[in-house]
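Please look through the structure below with its strands, chain contact and charged pairs in mind. The paragraphs after it take these topics in turn.

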Amino acid sequence: MVQASLKAKRDGVGYRTKVPRNVNMENLQNGYLFSEISRCKLQHIEKFPNAKLISLGVGDTTEPLPDIIASSMAEYALALSTPEGYRGYGPEQGYEALRKAIAESFYKDISVKDTEIFVTDGSQCDITRLQLVLGANVTIAVQDPSYPVYQDSSIIIGQAGNYKDEALKCRNIEYMRCSPQNNFFPDLDTTSRADIIFFCSPNNPTGHAATRKQLEKLVEFARNNGSIIIFDSAYASYILDDSPRSIFEIPGAREVAIEVSSFSKLAGFTGVRLGWTVVPEELLFSNGFPVRNDFDRIVCTCFSGASNIAQAGGLACLSSEGLKATESMVQYYMENARILVDTFTSLGLEVYGGANAPYVWVRFPGSKSWDVFSEILEKTHIITAPGSGFGAGGEEFLRISAYGNRKCILEASRRLGSFFS
Amino acid sequence: MSLLQHLSTSISSSSSAFLVHSNFNSRTKNVSLQAKRNGICKCVAAVPKESQTAYKTNVSRNGNLAKLQAGYLFPEIGRRRAAHLLKYPDAQVISLGIGDTTEPIPEVITSAMGKRSEELSTLEGYSGYGAEQGEKSLRAAIASTFYSNLGIEDDDIFVSDGAKCDISRLQVVFGADVTMAVQDPSYPAYVDSSVIMGQTGQFQKDVLKFESIEYMKCTPENGFFPDLSGVSRTDIIFFCSPNNPTGAAATREQLTQLVKFAKDNGSIIVYDSAYAMYMSEDNPRSIFEIPGAKEVAIETSSFSKYAGFTGVRLGWTVVPKELLFSDGFPVAKDFNRIVCTCFNGASNIAQAGGLACLSPEGLKAMHEVIGFYKENTDIIVETFNSLGFNVYGGKNAPYVWVHFPGRSSWDVFSEILEKTHVVTTPGSGFGPAGEGFVRVSAFGHRSNILEACKRFKQLYK
């Protein structure tokens with residue numbers, strides 16, 4: 001029986017169900033960007049098994065967790081074997097202690113309540129949960145370029161319509177170009193209204209941190225249009241100047257914005273899985289229904305809460321010792337970013353980002369970003385991320401991640417220096 | 001114990017209190033709700049008065065969410081429990097409602113998670129993003145432990161943070177334009193996720209069913225297996241065995257019928273096997289034991305009820321390569337895309353725990369804990385039997401399904417809660433055919449189970 005079906009599989013002749021494939025899935029043109037990059041990486045390793053590959057593509061943290069955080073999680077895990085320490089289902093919204101600590105650590109002077117905070121397994125997952133709340137009948141706007149998940153999740157849920165051109169722009173999505181020419185902040189006067197505005201600051205991939213004035217404009221724009229901003233602040237801890245770290249620093253934002261954030265880049269939790277989303281009480285749908293109630297319903301029905309061990313780690317991150325330790329890690333990566341910025345600048349290339357975010361955004365005028373990606377990979381064995389993977393506005397650009405061991409970053413800089421000179 | 005354990009109590013599921021502290025009191029008003037005449041418990045949040053003058057965005061609320069009649073069932077139970085505690089602060093409330101594991105996790109498993117946690121603070125041991133589908137070693141261990149000789153390969157397995165989450169991910173794969181069938185009664189996440197996705201029409205109050213969902217009645221009269229000759233074709237069929245809430249385990253013959261039904265109709269079965277290890281009898285533990293199932297079925301399962309991982313969060317879903325949409329496109333490819341775009345993998349620490357669960361020592365330890373809960377189940381079954389009730393389930397699952405003919409299940413729930421301070425789950429929360437039944441969960445400390453049974457005996461003697 002097994003042999004027959006495997007043979008049928010190989011022959012491409014197989015029983016088909018009568019279940020139609022989801023049209024939205026068909027609308028996804030390519031594989032997910034970072035899966036594609038991983039695929040290229042594996043192919044390259046096969047081709048050059050002895051090459052010392054340096055990964056500055058996927059923004060994956062590399063430095064070990066601070067002891068206090070790791071040992072807190074270990075302690076919590078071991079205690080699960082004891083009657084006093086065992087915990088079953090936690091509240092789907094996250095343990096109150098952690099929600100309170102998040103409110104205290106990140107929203108102290110801007111009055112976000114712990115009851116407005118939902119602890120989760122990360123922003124990527126939260127974006128889809130938000131899309132489930134919003135449904136297929138809303139329109140979205142995204143920055144161009146932007147983190148691919150906003151557009152991809154929008155296509156998946158059925159908001160985006162199909163592609164209208166080869167630049168992979170969706171019919172129903174409003175693209176807000178962010179380029180050096182407009183200081184990486186969209187011209188809102190020429191932006192059409194959309195129900196939902198995805199905005200990431202500090203930005204992935206450009207590294208730009210929006211100024212207070214820019215965010216005030218954004219909040220005003222949302223307010224005038226009755227739109228909801230989904231503000232992605234996953235990299236807020238990387239801000240070195242006094243750019244706002246939360247959309248809620250802007251007056252009026254509570255009535256127009258949701259904020260999504262993460263422990264991934266803050267604490268190296270990319271594998272541990274922990275994040276949070278803030279949905280203010282004042283945020284209402286057009287019929288007056290609180291958005292928070294619907295998000296809570298999704299969280300209770302489509303999710304069962306973040307791992308309790310990860311939550312224990314989160315709490316340790318937000319202790320004073322934990323905050324100090326994670327701050328050190330962030331500074332380490334930002335020093336990497338500085339080194340990369342210096343390298344590219346000294347080569348005479350146009351460099352952006354790297355000042356408030358762990359991403360360096362380099363421009364190669366007139367080029368196709370996948371070509372630059374391939375050339376760099378082939379000749380220097382360095383993986384980067386092609387800008388067009390983040391949107392048409394990313395063509396000509398390459399994103400270089402500053403996540404890496406210092407030695408790797410220095411080696412990468414050396415190789416890039418040789419290659420470009 | 002870590003700080004978090006100190007700061008969180010085991011009177012958990014504080015989701016019951018989560019929305020209470022807000023400015024508006026959409027839910028607090030309803031905590032002492034009496035069951036309505038037609039048996040529905042309506043806890044719909046009304047538009048609060050304050051918001052009528054407050055700023056509103058111009059974003060329309062998702063009509064699908066408006067179709068949901070009340071909160072998700074288990075937070076509702078949590079709310080009732082919390083309200084009861086407020087009313088009787090000295091009562092020793094025993095929770096046999098939400099199926100939440102209570103016994104500590106075996107050390108072989110937690111020590112692996114402790115070790116992995118510590119390793120994350122070392123250069124050699126640190127890992128960042130894992131494969132979204134799960135660590136290779138864990139996928140392999142799941143395949144060999146549960147699916148050996150069934151032709152399921154490592155890469156047919158997708159590790160996740162739990163079956164409930166996987167159900168929604170599967171719904172995202174399927175989209176709004178498919179029809180679905182569920183057992184009646186069934187685990188509420190199947191229906192609720194279907195409503196959220198937009199697959200259903202409106203809720204029909206006269207029959208307590210959503211339009212366009214095919215409800216497959218499972219009652220004592222049909223041995224808790226639907227009469228498939230009376231079931232209309234749907235694209236997707238949700239089937240749970242051993243069943244939550246009835247405890248019924250489908251036989252090989254029944255599952256063969258089900259697979260044939262799916263094949264004849266070109267349907268896809270989503271088979272929930274989260275309680276398979278609770279089986280005492282010889283029934284199939286996996287749908288893939290049935291020939292031909294790989295072409296028609298997906299299986300979802302979980303470490304929650306095997307390893308006490310309800311808070312740790314770990315499960316898996318099997319999508320065979322042979323499972324194809326009508327255009328020939330492999331379902332696994334779309335599931336993979338969702339897993340990569342809408343998810344980022346289960347926590348690496350939880351996965352280390354999962355691997356330890358599937359070691360010989362871990363399996364032995366899990367069997368012991370499962371055995372403990374099964375003994376609890378026996379005690380509860382015996383109690384209700386001795387009181388003259390018709391009792392179902394309990395043999396192959398940690399749930400006891402007790403019949404209260406002619407009575408509203410929310411009334412019985414309230415009566416039991418009020419008079420014995422024991423929380424159960426009203427059968428109608430699982431579907432209209434659950435009316436007249438109450439689900440008693442067997443997860444609990446032995447002393448609590450014994451005490452609860454003592455109280456049941458007093459109430460119903």
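In this predicted model, strand β11 (residues 391–393) of chain B pairs with β12(B) in the antiparallel sense over 3 bridges. Strands here are DSSP runs of E of at least two residues, helices are runs of H or I of at least four residues, and both are numbered from the N terminus; two strands pair if DSSP finds at least two bridges between them. Within this pairing, Y392(B) stands opposite W401(B) of β12(B). The hairpin of β11(B) and β12(B) has 5 residues between the strands, and G394(B) takes a positive phi near 80 degrees there. β12(B) is also joined by 5 bridges to strand β15 (residues 437–441) of chain B, and these two run antiparallel. In β15(B), S441(B) is the bridge partner of Y399(B).

Strand β12 (residues 399–403) of chain B is largely enclosed by the rest of the structure, because 5 of its 5 residues are buried. Buried means under 20% relative accessible area, exposed means over 50%, and partly exposed is in between (1.4 Å probe, protein chains only). Both faces of β12(B) are covered, with Y399(B), W401(B) and H403(B) buried on one side and V400(B) and V402(B) on the other.

The conventions are these. Residues are numbered from 1 along each chain as its sequence is written, and chains are lettered from A and ligands numbered from 1 in the order in which they are written. Local features need pLDDT of at least 70, side-chain atom pairs count only at pLDDT 80 or more, and totals for chains, interfaces and linings use all residues, while side-chain values use heavy atoms, with hydrogens and water left out.

Next comes the interface. The contact (heavy atoms within 4.5 Å) takes 120 residues from chain B and 120 residues from chain A. Chain B and chain A bury about 10000 Å² between them, 59% of it on carbon and sulfur atoms; this is the accessible area (1.4 Å probe) that the two parts lose on being put together, summed over both. The rule finds 4 salt bridges across the interface of chain B and chain A, a salt bridge being a side-chain nitrogen of Lys or Arg within 4 Å of a carboxyl oxygen of Asp or Glu. In one salt bridge, R297(A) and D192(B) have their closest N and O atoms 2.9 Å apart. The side chains of D294(A) and R61(B) meet in a salt bridge too, at 2.7 Å from N to O. This pair crosses between chains, from helix α10 (residues 291–301) of chain A to the loop between α2 and α3 (63–67) of chain B. D294(A) counts as buried, at 3% relative accessibility.

Over all chains, the count comes to 46 salt bridges. Side chains of opposite charge can pair when their charged atoms come close. R212(A) forms a salt bridge with E249(A), the closest N and O atoms being 3.0 Å apart. R212(A) lies in helix α8 (residues 212–225) of chain A and E249(A) in the loop between β6 (228–232) and β7 (257–262) of chain A, so the pair ties together parts 37 residues apart in sequence. R212(A) is partly exposed, with a relative accessible area of 35%, and E249(A) counts as partly exposed at 25% relative accessibility. A network of salt bridges links E96(A), R99(A), K100(A) and D114(A).
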